[in-house]
Amino acid sequence: MSGPEIERLIQLLGKLPGLGPRSARRAALHLFKKRESLMQPLMAAMTDAAERVRVCGACGNLDTSDPCAICTDGRRDKAIICVVEDVADLWALERASVFRGQYHVLGGVLSALDGIGPDDLSIGRLVNRARGDEVKEVILAMGATVDGQTTAHYLTDRLRDCDVEVTRLAHGVPVGGELDYLDDGTLGAALKARRPL
Amino acid sequence: MDWTDDGIVIAARKHGESAVILSLLTREHGRHAGLVRGGASSRARGLYQTGNLLRASWRGRLAEHLGSFSCEMLRGYAGPLLDDPQRLGALGAFCALLERALPEREPHPALFDDSLHLLDLLSVPAAGVGADQWAPAYVRWELALLGDMGYGLDLTCCAVTGETDGLAFVSPNTGRAVTAAAAEPWRDKLLRLPDFLQEGGDAYGAAADLAAVRDGLALTGWFLERHVFAPQNLNLPAARTRFVEAFR
């Protein structure tokens with residue numbers, strides 16, 4: 001039906017998250033229709049990103065410079081490090097503009113069943129950073145999942161010898177959440193983390 | 001083919017973008033896996049946390065197929081454990097042992113009931129039940145797991161003298177108890193038998209000191225490794241090793 005170049009493009013697009021073979025075919029067709037306005041700028045952007053974007057050696061973020069813009073930003077508080085599982089979590093916190101400290105991307109969570117152990121995560125680098133004189137607090141922003149919290153407790157243990165306060169994100173009622181629709185675990189956590197008004 | 005059963009989540013691995021392959025310990029169907037479409041979505045993820053008790057409906061064209069699950073929550077055991085590192089460690093070890101050791105689709109109703117008892121005890125707030133109470137229950141559960149897999153230990157009487165009192169050690173070769181007096185010449189080579197594991201020992205959920213818990217974990221760990229994991233060229237799961245280290 002179509003040449004090997006088109007089939008290859010469809011096959012590669014189909015490997016992207018959110019795209020199956022059918023939607024990859026639609027995306028490929030759309031790119032061919034918008035060759036000048038979309039396909040060529042997209043190619044240029046992808047080539048540029050592939051050449052220039054790298055992993056920050058300090059925090060694990062993705063940026064065109066190493067150390068990344070967050071690590072070198074003098075206006076950010078270097079005394080607080082927020083530990084996240086993945087770059088997507090870092091981006092979520094940045095989108096919310098609620099945190100002005102430094103980050104550390106772990107690269108996943110401990111999972112015995114998937115064979116992910118402490119050596120597979122950037123835990124040693126985090127401990128080294130926490131030993132620095134400037135760092136006063138480490139915030140563990142892991143997911144409220146069994147694996148996420150197992151990792152958080154493990155990190156707490158590893159950071160015990162560092163002279164830092166270890167905190168974690170609160171668990172409880174989300175903004176706009178109604179108690180009637182919350183699960184038992186969230187309700188229990190919210191009640192346990194109650195505070196005076 | 002379809003059935004409905006109660007099941008404890010022991011693993012949920014992401015499959016593709018939005019599905020998970022769920023592994024449950026069910027009462028009537030043993031350890032059983034199935035696909036859950038949409039199981040990785042933010043709304044469903046809480047349901048499939050390890051330790052949660054679900055009412056699961058399995059459906060597949062043939063019994064041998066992976067099939068798919070649809071589930072509803074019966075009791076969320078995972079949530080209350082998230083704050084307590086030791087209990088969470090116990091849950092991690094519990095799930096890793098079941099997932100790695102138990103054969104698939106082989107019913108173990110007694111082990112399922114023992115597992116529920118353990119989860120009940122683990123989920124009681126720390127003010128109600130301390131580690132001195134739930135940790136012996138965990139050791140008993142590992143002993144039940146060994147027994148259900150056909151490697152039960154004989155802790156009823158001494159292998160040498162036949163006495164039932166004064167049992168203090170277990171032979172690492174035979175898995176049989178030995179009294180302190182009979183064990184004297186080999187005591188360095190034997191495994192310690194904690195009081196709470198002896199016949200007529202402390203009741204389920206009764207307190208035991210943590211040194212006895214360590215002895216119990218060493219005892220069950222030895223036989224789990226020897227009978228269950230070593231024949232498959234596997235080590236004890238890392239989650240169990242981390243859990244045991246927390247008691248040192």
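Two strands are taken to pair if DSSP finds at least two bridges between them, where strands (E, at least two residues) and helices (H or I, at least four residues) are DSSP runs numbered from the N terminus. The structure above is a predicted model, in which local features need pLDDT of at least 70 and side-chain atom pairs count only at pLDDT 80 or more, while totals for chains, interfaces and linings use all residues. Residues are numbered from 1 along each chain as its sequence is written, chains are lettered from A and ligands numbered from 1 in the order in which they are written, and side-chain values use heavy atoms, with hydrogens and water left out.

Strand β6 (residues 167–170) of chain B is joined to β7(B) by 3 bridges in the antiparallel sense, and Leu167(B) has Thr179(B) in β7(B) as its bridge partner.

Strand β4 (residues 101–105) of chain A is largely enclosed by the rest of the structure, because 5 of its 5 residues are buried; buried means under 20% relative accessible area, exposed over 50%, and partly exposed in between (1.4 Å probe, protein chains only). Thr151(A), placed in helix α7 (residues 146–158) of chain A, counts as buried at 0% relative accessibility, and its side chain reaches the backbone nitrogen of Leu110(A) at 2.9 Å.

A pair of aromatic rings is described by the distance of the centres and the angle of the planes. Here rings of Phe, Tyr and Trp (its six-membered ring) pair if their centres lie within 6.5 Å, and planes under 30 degrees apart count as stacked, over 60 as edge-to-face and the rest as tilted. Over all chains, the structure holds 9 aromatic pairs. The rings of Trp134(B) and Phe247(B) have centres 6.1 Å apart and planes at 70 degrees, so this pair is edge-to-face. The pair links distant parts of the chain, 113 residues apart, with Trp134(B) in helix α4 (residues 131–148) of chain B and Phe247(B) in the segment after α7 (238–245) of chain B. Trp134(B) counts as buried at 1% relative accessibility, and Phe247(B) counts as buried at 3%. Tyr138(B) and Phe243(B) also form an edge-to-face pair, with 4.8 Å from centre to centre and 65 degrees between the planes; this pair links helix α4 of chain B, which holds Tyr138(B), to helix α7 of chain B, which holds Phe243(B), across 105 residues. Both Tyr138(B) and Phe243(B) are buried. One aromatic cluster is formed by Phe94(B), Trp134(B), Tyr138(B), Trp141(B), Phe243(B) and Phe247(B).

The backbone deserves a separate look. Most residues other than glycine have a negative phi, and most peptide bonds are trans. The peptide bond from Asp66(A) to Pro67(A), however, is cis, with omega near 5 degrees, and Pro67(A) is found in the loop between β2 (62–63) and α4 (69–72) of chain A. Ser97(A), not a glycine, has a positive phi of about 50 degrees; Ser97(A) is found in the loop between α5 (87–96) and β4 of chain A and counts as exposed at 57% relative accessibility.

Terms used:
A polar contact is a pair of N or O atoms within 3.5 Å; within protein, one must be able to donate a hydrogen and the other to accept it, and residues adjacent in sequence count only if both atoms are side-chain atoms.
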